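Biologist: I would like to learn how to read a model like this one. Shall we go feature by feature?

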Amino acid sequence: MKTKNFKTALLSILLTLGITSFCFAQKTSIEANNLPKKAKSFINQHFNGEKISYVLQDQEYYLIDEYEVVFTEGTKIEFKANGDWKEISNKGKALKSNLIPKNIASYSHKTFPQTHIVKIEKNRWNYEIKLSNGLELEFDTKGNFKKLED
């Protein structure tokens, strides 16, 4: 009997937490000038003159988690809350070469000359790129090749 009551109580708590977290997670549209300074600087350096379609702020529990910037030509950039970029993609089109670290661009063009980079992700420990042929390559933070995934 106690086990059944405990399971019911636990299930109720988990359901309440799930619904509450869903209610607090939201994306809202913001102006580009409200982005963090690092994000604005990155955009000015690499996309000067490009038109921004929209900017979204992703917020969970009243804390800003990330920003998403989409340009009219299709490029999408995700920024961390501090303004560091974490992912750049362009609907299967080639990313601008100035967005890719030189070692990574050199390796991918030399090893897969008939492809182009359509997505790059950066995290604390590595870079991951996706090529136009669907292959995904992983590099360390210095741009040295680590592994290939298909």
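Biologist: Is lysine 119 buried, partly exposed or exposed?

Modeller: Start with the cut-offs. Buried means under 20% relative accessible area, exposed means over 50%, and partly exposed lies in between, using a 1.4 Å probe and protein chains only. Lysine 119 has 25% relative accessibility, so it counts as partly exposed.

Biologist: What should I know about the model itself?

Modeller: This is a predicted model, where local features need pLDDT of at least 70, side-chain atom pairs count only at pLDDT 80 or more, and totals for chains, interfaces and linings use all residues. Residues are numbered from 1 along each chain as its sequence is written, and side-chain values use heavy atoms, with hydrogens and water left out.

Biologist: Which residue forms a salt bridge with lysine 119?

Modeller: The rule comes before the case. A salt bridge is a side-chain nitrogen of Lys or Arg within 4 Å of a carboxyl oxygen of Asp or Glu. The partner of lysine 119 is glutamate 121, with the closest N and O atoms 3.6 Å apart. Glutamate 121 is partly exposed, at 29% relative accessibility. Elsewhere, salt bridges that share partners join Glu138, Lys146, Lys147 and Glu149 into one network.

Biologist: How many salt bridges are there by this rule?

Modeller: The count comes to ten. One of them pairs lysine 38 with aspartate 84, the closest N and O atoms being 3.1 Å apart. Lysine 38 is partly exposed at 46% relative accessible area. Aspartate 84 is partly exposed at 25%.

Biologist: Which residue forms a salt bridge with lysine 86?

Modeller: That is glutamate 66, and the closest N and O atoms are 2.6 Å apart. Lysine 86 lies in strand 5 and glutamate 66 in strand 3, so the pair ties together parts 20 residues apart in sequence. Lysine 86 is partly exposed, with a relative accessible area of 26%. Glutamate 66 is buried, at 10%.

Biologist: Back to helix 2. Which of its residues are buried?

Modeller: Helix 2 covers residues 37-46, and its buried residues are Ala39, Phe42, Ile43 and His46. They span an arc of only 95 degrees around the axis, which puts them on the same side of helix 2. The arc is taken from the directions from the helix axis to the C-beta atoms. On the face turned away from the buried side sit the exposed residues Lys37 and Gln45.

Biologist: What covers the buried residues of helix 2?

Modeller: The cover includes strand 3 (63-71), strand 4 (76-80) and strand 5 (85-89). Contact here means heavy atoms within 4.5 Å.

Biologist: How do I read a pair of aromatic rings?

Modeller: Use the distance of the centres and the angle of the planes. Rings of Phe, Tyr and Trp (its six-membered ring) pair if their centres lie within 6.5 Å; planes under 30 degrees apart are stacked, over 60 edge-to-face, and the rest tilted. The count by this rule is seven aromatic pairs. Phenylalanine 42 and tryptophan 85 make a tilted pair, 6.3 Å centre to centre with 35 degrees between the planes. Phenylalanine 42 is in helix 2 and tryptophan 85 in strand 5, so the pair ties together parts 43 residues apart in sequence. Both phenylalanine 42 and tryptophan 85 are buried.

Biologist: What is the geometry of the tyrosine 107 and phenylalanine 145 rings?

Modeller: Their centres are 4.7 Å apart and their planes at 15 degrees, so the pair is stacked. Tyrosine 107 is in helix 3 and phenylalanine 145 in strand 9 (residues 145-149), 38 residues apart. Tyrosine 107 is partly exposed at 26% relative accessibility. Phenylalanine 145 is partly exposed too, at 33%.

Biologist: And backbone angles?

Modeller: Most residues other than glycine have a negative phi. Lysine 91 has a positive phi, near 45 degrees. Lysine 91 sits in the loop between strand 5 and helix 3 (102-111). At 73% relative accessibility, lysine 91 counts as exposed.

Terms used. Helix = DSSP H or I, 4+ residues; strand = E, 2+ residues; numbered from the N terminus.
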